[in-house]
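Hi,

Here is the structure I promised to pass on. Have a look at it first, and then read my notes below.

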Amino acid sequence: MKRKAFAFFIILAVWIIFAGDVENDVLIVGVIASLVTSWLYSDLLFRSSNRKRKWSYYFRKIVYILLFIPVFFYEAFISALKVSKHAFEKKPTFSPGIVKVKTTLKNITALTILANLITLTPGTLTLDFDMKEKAFFIHWIDVTTAEEAETRKQVIERFEKWLEVIFQ
Amino acid sequence: MTLRIIIAYFFMVGAMLFAVTTTVGLIRFPDVYTRIHASAVVLTISAVMLSFGIAIYVWQFYLSMKILLVGLIFLITNPLATHAIARASYRRQIACPEVRSVDDYSDYLERDQQ
């Protein structure tokens with residue numbers, strides 16, 4: 001019930017932003033539409049959990065997420081500059097390859113978000129995930145070392161340590 | 001010309017430069033996977049910077065929030081699409097990487113390196 005109410009308010013907020021103003025007829029249609037949507041599909045948005053945490057736990061999580069957003073865009077900007085440099089070279093000097101990188105994260109949501117963040121950063125691209133060994137297969141445009149620890153440090157550790165703190 | 005307009009133009013010009021980079025990269029890079037890296041530049045940096053710049057430029061609450069939501073949708077859909085294209089083209093052998101130094105994924109799929 002709590003999760004349906006939460007989904008209802010999020011969908012209603014998105015509706016109001018897209019409608020552009022708050023009037024009676026807009027609100028009536030929006031409330032009906034978001035009631036139906038949240039009643040049917042709220043389990044796609046949230047998962048039920050029985051753990052009881054203090055409110056400070058969630059507060060810390062939100063603060064870390066807000067801090068992580070500029071860090072991510074900074075990293076993405078730097079790697080976009082690196083890829084741009086390759087595009088304008090007279091003879092492209094990159095050495096693309098597919099590397100296997102093991103991860104230490106356990107949470108399935110954190111793994112999904114990590115894979116998406118790796119794909120979002122220019123220069124690295126997640127191809128697959130090995131469930132047995134907990135390893136990502138990453139297509140990387142600048143393979144500089146064959147050593148696994150060094151690869152791990154350069155590709156995923158900058159996001160992994162943040163996600164480990166957020167999803168602990 | 002207020003400071004707000006100048007900042008908005010700064011974001012838009014930056015987005016435009018990255019988009020030019022993507023176009024050059026798409027033409028010059030050798031195979032599918034490296035071209036996907038070039039297109040990730042426009043989808044991650046350029047689209048977000050452009051939506052940010054336009055949101056500062058119009059400076060009305062509902063309109064700016066709408067544009068930022070469009071930028072967020074870009075960020076959500078981009079990794080799904082690029083991951084799906086790359087994985088499918090590797091597993092179905094539609095396009096194999098031409099230049100490569102290491103390839104751990106073909107060992108995982110128990111396939112010989114051509």
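Angles run from 0 to 180 degrees between N-to-C directions, and axes are lines fitted to C-alpha atoms, for helices over the stretch in contact. Helices (H or I, at least four residues) and strands (E, at least two) are DSSP runs, numbered from the N terminus.

Some housekeeping: this is a predicted model, where local features need pLDDT of at least 70 and side-chain atom pairs count only at pLDDT 80 or more, while totals for chains, interfaces and linings use all residues. Residues are numbered from 1 along each chain as its sequence is written, chains are lettered from A and ligands numbered from 1 in the order in which they are written, and side-chain values use heavy atoms, leaving out hydrogens and water.

Now the sheet. Chain A has an open sheet of 3 strands in the order E1-E3-E2, with antiparallel pairing. Strands E1 (97–102) and E2 (124–130) of chain A are at the edges with a single partner strand each, so one side of each has no neighbour in the sheet. On average, neighbouring strands of this sheet are turned by 25 degrees against each other, ignoring direction. Two strands pair if DSSP finds at least two bridges between them; E1(A) and strand E3 (residues 135–140) of chain A, which run antiparallel, are joined by 6. For instance, Lys102(A) has Ala135(A) in E3(A) as its bridge partner.

Chain B comes in here too: H2(B) lies across E2 and E3 of chain A, at about 85 degrees to E3(A).

What does chain A look like as a whole? It has 6 helices and 3 strands, following the pattern α-α-α-β-α-β-β-α-α along the sequence. Its radius of gyration is 21 Å, well over the 15 Å that the globule rule gives for 168 residues, so chain A is more spread out than a compact globule. That radius is taken over C-alpha atoms, and the rule is 2.2 Å times the number of residues to the power 0.38. The C-alpha trace of chain A spans about 60 × 40 × 25 Å along its principal axes.

Chain B has 4 helices and 0 strands. Its radius of gyration is 19 Å, whereas a compact globule of 114 residues would be near 13 Å. Along its principal axes, the C-alpha trace of chain B spans about 60 × 25 × 20 Å.

Cheers

Technical notes. Contact means heavy atoms within 4.5 Å.
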